[in-house]
Amino acid sequence: AEAPVVAFGGSYGGMLAAWLRIKYPNVFAMALAASAPIPQMYNTVAPTAFFQAVTADAAKVDARCPAATRGAFAEVISAFSSPSGRARLTSAFNLCRPLQEADLSHFLQYARNAFVEMAMCDYPYPSTFLAPLPANPIAVACSHIVAHGLAGLAQAVAMPYQPAGPGKCIDMFTEFVECADQTGCGTGPAARSWDYQMCTEVILETSTTNVTDMFPPRQWTLADLRRYCKAHYNAVPDLAFNRIALGGLDLRKVTSRIIFSNGDLDPWRPGGYLKDLGPELPALLVEGGAHHLDLRASNPQDPPGVRAARQKERAYLTKWLRELGHPLPAEFGLSK
């Protein structure tokens, strides 16, 4: 017998889940789009929002952390101006190659990217989603930085870039590859594929200012993105086409039965739908949740807010299925 198809996805997968419902409503009856920053991809969100959210996460665990992090980065920039300073940084950050003066921009992006991974994976238990990380990695990183300044920053940055074994160093050019996505593309063939998508489909304008956030200033405008994409792929991101082809700015006009969930610890949260777009386009806040934690397997350490969000998601899906004439069997259950 035919049954309704439900699309589930988190992060880019969450965007795809929503777009499947929007583009193929004859196939997909509903969707759960977790941590799906569609408004940010449409460039309707401030470019500073992402790293401002990372900074807010740090301030939640220790109000001293943002200032301490700014101070540590200022020490890094100062140290880069001399050979002895760069040698000290090479040693402190356990880098394989001696730092050169021209490496400053890459080093700052490499260090900033560590916070991206820790903030996205700020789960209440150890995880290996983006990198092997301890429970509550932002709290761990902040404890290092507040206690030890620049040396603590080196400890924090090393957390997602753990070397292969004792006595091993970190090659920052292998571990972090510059790309069109200022929140990081990863490494290997998948990273290059994502880099290309940033030039053709998912368009993000992301900057840091050292005022709205705790990171050294780095501007990345649409003009910068277009220059990069033209040089690397002979492609020019078309923001107008994306807005037209993927549902437009007002989803109420084109779709229904999509749940948008966002964790209050997720740096992508400001880029998502944070208010209900209508009775059949609800926006759920996942209290205590990092990046799509509501779609991860149930864990005894899950915060109450995550459990509550899953119950709300279940309630919406069961209601819609019932309305479509397909009530769930009694034994069916989502993670609680």
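This is a predicted model: local features need pLDDT of at least 70, side-chain atom pairs count only at pLDDT 80 or more; totals for chains, interfaces and linings use all residues.
A residue counts as buried when its relative accessible area is under 20%, as exposed when that area is over 50%, and as partly exposed in between.

Why pairs at all? Side chains of opposite charge can pair when their charged atoms come close. A search through the whole structure turns up six salt bridges, and we'll stop at some of them.

Start at aspartate 62. This residue makes a salt bridge with arginine 64, and the closest N and O atoms sit 2.9 Å apart. Arginine 64 is at 54%, so it counts as exposed.

Now move along to aspartate 250, which pairs with arginine 252 in another salt bridge, with 2.9 Å between the closest N and O atoms. Here aspartate 250 comes out as partly exposed, because its relative accessibility is 24%.

Last stop: aspartate 302 and arginine 310. These two form a salt bridge as well, and their closest N and O atoms are 2.8 Å apart. Is aspartate 302 buried or exposed? Its relative accessible area is 5%, so aspartate 302 is buried. Arginine 310 has a relative accessibility of 2%, so that residue counts as buried too.

How values were computed:
Residues are numbered from 1 along each chain as its sequence is written. Side-chain values use heavy atoms; hydrogens and water are left out. A salt bridge is a side-chain nitrogen of Lys or Arg within 4 Å of a carboxyl oxygen of Asp or Glu. Buried means under 20% relative accessible area, exposed over 50%, partly exposed in between (1.4 Å probe, protein chains only).
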